[in-house]
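Good morning, everyone. Please look at the screen while I bring up today's model.

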Amino acid sequence: GYQRVLEENRKLYNQLQDLKGNIRVYCRVRPFFGQVNNAGIVGSLEEGSISLIIPSKYGKEGKKIFNFNRVFGPTATQAEVFADMQPLIRSVLDGYNVCIFAYGQTGSGKTHTMSGPNDLTEESVGVNYRALRDLFLLSEQRKDTISYDIFVQMLEIYNDQVRDLLATDGSNKKYPSLTGSQNGINVPEANLVPVSSTSDVLNLMNLGQKNRAVSATAMNDRSSRSHSCLTVHVQGKDLTSGSHLRGSMHLVDLAGSERVDKSEVTGDRLKEAQHINKSLSALGDVISSLAHKQTHVPYRNSRLTQLLQDSLGGQAKTLMFVHISPEPDALGETLSTLKFAERVSTVELGAARVNKESSDVKELKEQIANLKAALARKE
Ligand code: ADP
Ligand code: MG
């Protein structure tokens, strides 16, 4: 029946994903503020593509289509967004290294996706909290076969310097060094806190938030000019074989990608802008060389890529989540965000795609035929 066909469809789709490599690119458009039923510059939106309406002043007038592994529109809920990322996140408990990062200009919705809005509710909590809650749930389900220990670190990178957001007075280094991986832990000097419940997680998130806020008073909204990273380390012990596994996941809310007009800023602002620029292009270079299977991957060009190194490339799974705003005023930045995404993307036009909404067996069978053909071609 339908369930079996759907399952086969999913299985083939996952095989195809594996063949395509471990870099996925998602896109999320936030709502157009203040104007209900106004899509702004968004023309049409489908599961794997989005079209934008480009006015003549940005070059060739007309619609331009961008393809992604997945596109979320303004009405997508936090739960829907998380549901799509869930298999990736769960693979941490199988010993994979995962990196999920939110990219986009300030105000495009990165923090909304990763943390949620300021007034958090059960529905509005973001990926970070949902990810940990789900890991607890799954590890509980597996507890008769595997025993898991889960730890978190929270770091900030500001002006190419790493700061421990969980440092408590005197106990740790506030500015830990990147010494290279020790037992899979990249920043051994930073606080590594065991967590076993969602309330542990909330407490740590509050502490991290408070530590970040301290500097925000000195510098207006530093949060959009630094990268923040929640790292989850997992250690598992197979209770029958006694074998161990280790997985880790970085959940990164990147600094705003907007270009800063060099003629208008000086001093600290200019320095910040240069650091952001440098680290984001270093990240783009790394992902791009991985996506295009180049032999040299330039991890060492920034602290950001050094920090994420273990979770980018090799067997690691990477999800780049680009965020755009539908406001006409933001179009210039939106196009440059999409260009960045395109540069690092391996998503092909017209590739076989599973329509998960489909409930029609005939349609699913057609998709299965397409997926099999794509697998045979090793696309
Ligand atoms: P960024 O972190 O990229 O600077 P924010 O996440 O702070 O952007 O989003 C800017 C504003 O837009 C916030 O008030 C946020 O709550 C709101 N917002 C962003 N994305 C969404 C969304 N998908 N649905 C509703 N509100 C959103
Ligand atoms: Mg933000």
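Which residues does Gln105 touch, not counting residues up to four places away in sequence? They are Gly256, Ser257, Glu258, Ala330, Glu333 and Thr337. Contact here means C-beta atoms, placed from the backbone, within 7 Å.

Some ground rules. This is a predicted model: local features need pLDDT of at least 70, side-chain atom pairs count only at pLDDT 80 or more, and totals for chains, interfaces and linings use all residues. Residues are numbered from 1 along each chain as its sequence is written, while chains are lettered from A and ligands numbered from 1 in the order in which they are written.

Back to Gln105. It sits in the loop between β6 (97-103) and α3. Helices (H or I, at least four residues) and strands (E, at least two) are DSSP runs, numbered from the N terminus. Gln105 counts as buried because 21 other C-beta atoms lie within 10 Å. The cut-offs: buried is 20 or more other C-beta atoms within 10 Å of a residue's own, exposed is 12 or fewer, partly exposed is in between, with C-beta atoms placed from the backbone.

Gly107 is in the loop between β6 and α3 too. Gly107 has 18 other C-beta atoms within 10 Å, so it is partly exposed.

Now ligand 1. There are 14 residues around it, and Arg30, Gly109, Lys110, Thr111 and His112 come nearest. A residue is near if its C-beta atom, placed from the backbone, lies within 6 Å. Helix α3 (residues 110-114) gives the largest share of this shell, three residues.

How values were computed: Two residues are in contact if their C-beta atoms, placed from the backbone, lie within 7 Å.
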